[in-house]
Amino acid sequence: MALCLARRACLANASASAAGLACGGRLHLAAVAPAAARPARRPVTTAATAEPQKNEDLPSFPFARPHGLEPPAEYGDMRRRCPVSPARLFDGSRVWLVTKHKDVCEALKDDRFSKVRTHPNFPELSAGGKAAAVSGRAPTFVDMDPPQHTKYRGMVEHAFSREASEALRPSIRRHVDSLIDAMVAHGPPADLNEAFAMQLPFRVMFDMLGVPPEDAPFLTSNVAARSSGSSTAKDAAAAADDLVRYMEKLVRSKEDKPGDDLVSQLVVRQLRPGHMTREELVQTAFLLLVAGNATVATQINLGVITLLQHPDQLAAMKADPRVMVPKAVEEILRYHTGSSYALKRVAKQDVQVDGQLVREGEGVIALNQSANRDEDVFRSPDTFDIRREPNPQLGFGYGTHVCVAEWLSRVELQEALEALFVRLPGLKLAVPESQIAFSDPRRDVGVAGQLPITW
Ligand code: HEM
């Protein structure tokens, strides 16, 4: 059996103790003791007894998914052997990977960890990420710590509350229906990704922000160019500049003539009284425009694929949609964690995570994709089960920065999946699953190209 990378990294430090496994600079007896004899884990404060591992000996992160839809195998190994493991990033720097559900939750609500990306040790996954972090643009609340984060997030949070999201359900349903109408009018087959999954979150966000419908094609293609892994860095940067310029124009038009959309509300309640600058407003609107489209689309695509793979569960969902559709959505979010590299932090002071000392200035990535498969929390975690109860999935993150649009996304996903399977009862893939291209195995899980369906 191949030795897992995490374990190899731990073993690389085995000189620290003949009896114990050094796990990122601490002795990790649990990793070698038989399960029954495992000592209770306790904080280890004698890290100095273990030789620090060299960064070049650490496994390189991100790990690859072994198959389009499966999480990296390393995560399960780390949860068992070395739940807070060191790894090496693209630039050779070290990061701590947090893999257990309880530790991910603890870390994400711990304000000793910062999300300020301009910190020199903030763990970025690529050179592009490093460059974006110091772009000079006004930061948005996604990259702030409290109390600044609380202030700016508070300016938009009301628009995404559970109640506000439920109030949008009828208009979301109308968008879903009109997209399905268009697919039906065209006739099968259709590319679900392009014709439906990518369109829905855009339409919902355009409504919220008060984007005129005629601007939709320009925005859609620029957001796609900005976010697509296949764009060159130059093209992606140019698309982002175009979007920012567009948002500046949109904000000015709302200043002239406010409507009842979110950008107008921000103009009236925040910009005019001086709580927010125009640049901050522009960046906030930009953030909301680009933040969630791909993730919503991913969950729709993967939700359809996975429900088709489990016809008994699909039948149960269709038989009792009021109860089972929301449960199916939670399970899809757990099973296919679509935003799995977002939970990056840097320690503002020394912090113990599950007994591992993370020193001030060290980076941490809380792996919600691993937490969502934690066998201590989810029975048979690798089984897709829409009846799962409870389901404390962490697909939207947790704590201070938990997805601001989690309720809106749930409504979109519920409406989308219910309508697709009810209105297109014969819905199935139009090609064998083996022909579907999934995203790069070292990036977030998703469908990379077309998702051909028929009905
Ligand atoms: C299924 C769809 C979605 C998933 C799985 C998802 C996932 C996430 C996750 C994991 C985080 C936490 C990041 C962290 O802690 O560092 C997050 C934050 C965020 N998400 Fe989403 N998201 C989704 C949809 C959306 C949508 C539609 C929007 C559009 C407004 C959005 C906007 C945001 C923003 C602005 C934040 C930052 C919150 C903060 O820093 O306080 N997300 N999302």
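**Exercise 1.** In what order do the three strands of the open sheet lie, and is their pairing parallel or antiparallel?

*Solution.* The model is predicted. Step one is the order: the open sheet runs β6-β12-β11. Step two is the direction, and the pairing is antiparallel.

**Exercise 2.** Which strands stand at the edges of this sheet, and why is one side of each left without a neighbour?

*Solution.* The edge strands are β6 (190-191) and β11 (428-429). Each has a single partner strand, so one side of each has no neighbour in the sheet.

**Exercise 3.** How many bridges join β6 to β12, and which residue of β12 is the bridge partner of D191?

*Solution.* Start with the pair of strands: β6 and β12 (residues 452-454) are joined by two bridges and run antiparallel. Then look up the partner of D191, which is P452 in β12.

**Exercise 4.** Describe the surroundings of the ligand.

*Solution.* First, count the shell: 24 residues surround the ligand. The closest of these are G292, G397, H401, C403 and A405. Third, find the helices involved. At least two residues of the shell come from each of α13 (278-291), α14 (293-309) and α18 (406-423).

**Exercise 5.** Summarise the protein chain as a whole.

*Solution.* Begin with secondary structure: the chain has 18 helices and twelve strands. Next take burial: of its 455 residues, 43% are buried. Last come the contacts. Among those between residues at least 6 apart in sequence, 71% join residues at least 24 apart.

How values were computed: Residues numbered from 1 in each chain as written. Predicted model: local features only at pLDDT ≥ 70, side-chain atom pairs only at ≥ 80, totals over all residues. Near = placed C-beta within 6 Å. Helix = DSSP H or I, 4+ residues; strand = E, 2+ residues; numbered from the N terminus. Buried ≥ 20, exposed ≤ 12 C-beta atoms within 10 Å, placed from the backbone. Contact = placed C-beta atoms within 7 Å. Pairing = 2+ DSSP bridges.
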